[in-house]
Amino acid sequence: MAKNIQFELNGKKVELPLEKGQTLLWALRTNFNLTGTKYGCGEGYCGACTVIMDGEAVRSCGIAMEDVSGKKITTIEGLAVNGKLHPVQQAFVDHDALQCGFCTPGMIMNAYGLLLKNPLLTREQIIEGMEDNFCRCGAHKRIIEAIESVAGTSKV
Amino acid sequence: MENNKYYRDELPENNPVFELDRRNFVKLLGGGLFIYFQLGELLTGLATETEQRRSLPTDYNAFLHIGEDGKVTAMVGKIEMGQGIITSFPQMIADELDTPLESIKMVMGDTELCPYDAGTWGSLSTRVLGPSLLAAVAEARSVLLTMGAEYLGTKPEELAIENGIIYVKNNKSKKVSYGQLTKGRKIEKYLDVKPKTKDFSEYKIRGKSFRHADGVAKVTGEAMYSGDFRMPGMLYAKILRPPSHGATLVSADTSEAEKLEGIVIARDKDLVAVLHKDPEKAEAALAKVKAEYKFDEMKVDDKTIFKHLLEIPSEARVIKSAGDVESGKKNAELIFESEFYNSYVAHSPMEPHTALAYLEGDQMILRASTQTPFGTQDGVSRELGVELDKVRVIPPFLGGGFGGKSAFPQAVEAARLAKLTGKPVMVQWTRKEEFFYDTFRPAAVVKITSGVSKSGKISVWDFHEYFAGPRGSDTIYDVPDSKTTSYSARDAHPFGTGAWRAPANNTNTFARESQIDRMAVKLGADPVDFRLKNLKDERMLGVLKAVAELWGWKPAKGPSGRGYGIACGFDAGSYVAHIAEVKVDQKTGKVKVIRVACAQDMGFCINPEGSIIQMEGCIIMGMGYALTEEVMFTGGDIHTADYGTYQIPLFSWVPKIQTKILDKNEAPQGGGEPAIICMGAVIANAIFDATGARLYQLPMTPARVMEAIAKAK
């Protein structure tokens, strides 16, 4: 019998049999069908799979499921409340801060994670904190502006 | 705006009455007005960009439906990959039809529902498909107007339309909606002639900025990409890959992998795959497959490739010729010879090639990330040996394409494996596979001999491009003796190559605009002024003047030490000019782009904000091929197989960006690619202006910059 692990996913307690070698990314995408968290490289470079674990932005492709036990996980699907977009999501919409949209959930989760730690992010801190999230379409300028628009406001 | 979901899912997909004949839409969509039209000559134009084995359809092949609820459904064979036509097409349709923007529903790229289209590339959607689509809309409007006149007991001339409501001009209370008119009726119109579409002066929705229609779906994670679909019993496939291009499989031992629980092995000729419902289990099993290969690689690497390309037998084709370049060269007062190089570049979309394939009855369905749904349908049907109508491709959102998803091997693999296993199969390339099987932008060489008079007029221009491709190789300048020759050969490259955002034009514009800069410097002329003096095309002059004004350009001869570069060019019907400022660290050779300005003349601009976003994207993406992006390889072995070795632009790179779209009432032109073409040259010219060192090879890595600085001293 496989051991079960328990954790909190987008505010709900969940349980899952522990599969050796399974990462959080693929548990989210296959077991929970939360496909907003994307596979971009599987090697921790690109950030498309970023989620929040216990208040920290992490790369879910590099997190083994056994380390998720007892943790609180928030994915892009857990950010909007009752259909109302989170201010960071709304800022991305308002600034047209996306093109193909594939990196967008990871961008938003990383930005959200940065703001959780420091709601007063400066432009320089945004650039530094977002540096390792990759976008190929070249939406960077608007992503910076979107995050800047919510940093230091009462919105976050 | 309602277009925030992928509308395909709102259509009944497994309707039992649905037959393959497109005209049977009537059954599928119920009542309403149906407009079919032919793309005619335009379609032929669309197909020439690639080798299409399918004979061009002769039936009516585009389609618009106005439903009983007043909703308008437009079926187009194009796909959405971030370029924004899911936003701009509805603007065009709503405006032409006098109906609210919210009433437009787009169905894109579905090979069963949408008209044939050769592919989403070449910035063709708005400029080539657009006019045909608008013609259909204009016809729909005139049909509705006639019906409205009948209903209201008056003449069409007495009527006006607003927000999908037809009313009598001098008695607004007498009115009828589009939905009311089509209710309970099935009207089919086949359109051969193009009716008159609206004049620019009548545009109300076109020319205004609208946010991405798919924005909300994309910030919530709801937007569906190929890898996000799930089917009962679906297996993830991991495919055995050779260690290098040119390697052929001799034997594969899957016995160890087979021992793992739940593993399915599929073998068919060269295709060996391990499948599991858990992708990571499949991946782990693949690692247990032992394989032997024999190698027959091309003996080239990223350094020797240019010599190779110049030495192999190639076919020379004169693209354009005016005057006599040989006598021009003899008589030139000052002559310049240069050779430019650029390396292989990867597309690297954030979403790797992905496809889900499954059988529905005897039809293979593919949810594939592809820029060429119809080409994919062709390819899969050939591979499976079935009729075209036994394959249906339904492309969802694409996580970037840039030309790389014109090739669709992942879809063929998924279809083969679904057939072999009888299960739904998901093939999602790893990043390593993406960097291996990408159709790279080809390495290329450009040789230019040009001459100029001491008074500053270019007198001769002899341009030879090897393996870049001819797009953008034209002499945009006014030169009496000029010639452009293009060299190509089959199997010149050690791996696959293909179209990369503004194919060929990045290479050709880098060479041309660097050469122009060389001549301006030699003459002690201001590089903006030198270009203005040698251009005749009013629209090219227009963007140059516009970018100089935007920048606040002050004339100076190079190298001025300011680190300013300029370049201009033409692509996809649009004119662009860029100015850039760089800082060069002369100790390390590292280049920092401080500021980029770009002016673009793209004819009438449908969605200005959407187009500016494309320009910004072009500028940022273009910095990558200019400064760092280079596929490193030995023979068929790709060394740059991850993001640790292949460097794409990052947040810290983003310069100050200024953009301007010229206000033009001319036919709309391309917007997805033009603003990327100057990025190599504008940065190279800025580096020269900063350091006096001329770079002849892309990317301009710190090592190459240091080498050029040493050479200049």
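Me: Why does Asn163(B) count as exposed?

Reply: The relative accessible area settles that one. Exposed means over 50% relative accessible area, buried under 20%, and partly exposed in between (1.4 Å probe, protein chains only). Asn163(B) has 52% relative accessibility, so the residue counts as exposed. This is a predicted model, in which local features need pLDDT of at least 70, side-chain atom pairs count only at pLDDT 80 or more, and totals for chains, interfaces and linings use all residues. Residues are numbered from 1 along each chain as its sequence is written, chains are lettered from A and ligands numbered from 1 in the order in which they are written, and side-chain values use heavy atoms, with hydrogens and water left out.

Me: What makes the phi of Asn163(B) worth a remark?

Reply: Most residues other than glycine have a negative phi. Asn163(B) has a positive phi of about 50 degrees although it is not a glycine. You will find Asn163(B) in the loop between strand S5 (159-162) and strand S6 (165-168) of chain B. Helices (H or I, at least four residues) and strands (E, at least two) are DSSP runs, numbered from the N terminus.

Me: And Asp98(B): is that residue buried or exposed, and how do you know?

Reply: Asp98(B) has a relative accessible area of 10%, so it is buried. Its phi is near 55 degrees, again a positive value in a residue other than glycine. Asp98(B) is found in the loop between helix H3 (85-97) and strand S4 (104-108) of chain B.

Me: What puts Pro480(B) in its accessibility class?

Reply: The relative accessible area of Pro480(B) is 52%, so this proline is exposed. Pro480(B) sits in the loop between strand S21 (458-466) and strand S22 (481-488) of chain B. Contact means heavy atoms within 4.5 Å, and, leaving aside neighbours within four places in sequence, Pro480(B) is in contact with Ala322(B), Gly323(B), Ile458(B) and Ser459(B).

Me: How do you know that the bond between Gly558(B) and Pro559(B) is cis?

Reply: Omega is about -5 degrees for the cis peptide bond that joins them. Pro559(B) lies in the loop between H16 and strand S23 (564-571) of chain B. The peptide bond from Leu698(B) to Pro699(B) is cis too, with omega near -5 degrees. Pro699(B) belongs to the loop between strand S29 (697-698) and helix H19 (702-712) of chain B. As background, most peptide bonds are trans.

Me: Why is H2(A) called oblique to H5(A)?

Reply: The axes of helix H2 (residues 87-94) and helix H5 (residues 140-150), both of chain A, come within 9 Å and cross at roughly 135 degrees. Angles under 35 degrees count as roughly parallel, over 145 as roughly antiparallel, 65 to 115 as roughly perpendicular and the rest as oblique. The crossing falls among the rest, so H2(A) is oblique to H5(A). Pro87(A), Val88(A), Ala91(A) and Phe92(A) of H2(A) meet residues of H5(A) including Ile143(A), Ala146(A) and Ile147(A).

Me: What makes H15(B) and H16(B) roughly antiparallel?

Reply: Helix H15 (residues 527-534) and helix H16 (residues 538-551) of chain B cross at roughly 160 degrees, their axes coming within 10 Å. That angle is over 145, and H15(B) and H16(B) are therefore roughly antiparallel to each other. On the H15(B) side the contact is made by Val528(B), Arg531(B) and Leu532(B), and on the H16(B) side by Leu541(B), Leu544(B), Lys545(B) and Ala548(B). By class, there are 5 nonpolar, no polar and 2 charged residues.

Me: And why is H14(B) described as roughly perpendicular to H15(B)?

Reply: Helix H14 (residues 505-523) of chain B packs on H15(B) at an angle of about 110 degrees, with the axes 9 Å apart. That value lies in the range 65 to 115, so H14(B) is roughly perpendicular to H15(B). Here the contact residues divide into 6 nonpolar, no polar and 3 charged.

Me: What makes a set of residues a nonpolar core, and which have the most contacts inside the largest one?

Reply: A nonpolar core is a set of buried Ala, Val, Leu, Ile, Met, Phe, Trp, Tyr and Cys residues joined through side-chain atoms within 4.5 Å. The largest has 196 residues, and Phe92(A), Ile166(B), Ile683(B) and Met700(B) have the most contacts inside it. Helix H4 (residues 125-152) of chain B gives the largest share of this core, 12 residues. A second, separate core of 26 residues includes Ala266(B), Leu275(B), Val412(B) and Val425(B).

Technical notes. Axes fitted to C-alpha atoms, helices over the stretch in contact; angles between N-to-C directions. Nonpolar A, V, L, I, M, F, W, Y, C, P; charged D, E, K, R; others polar.
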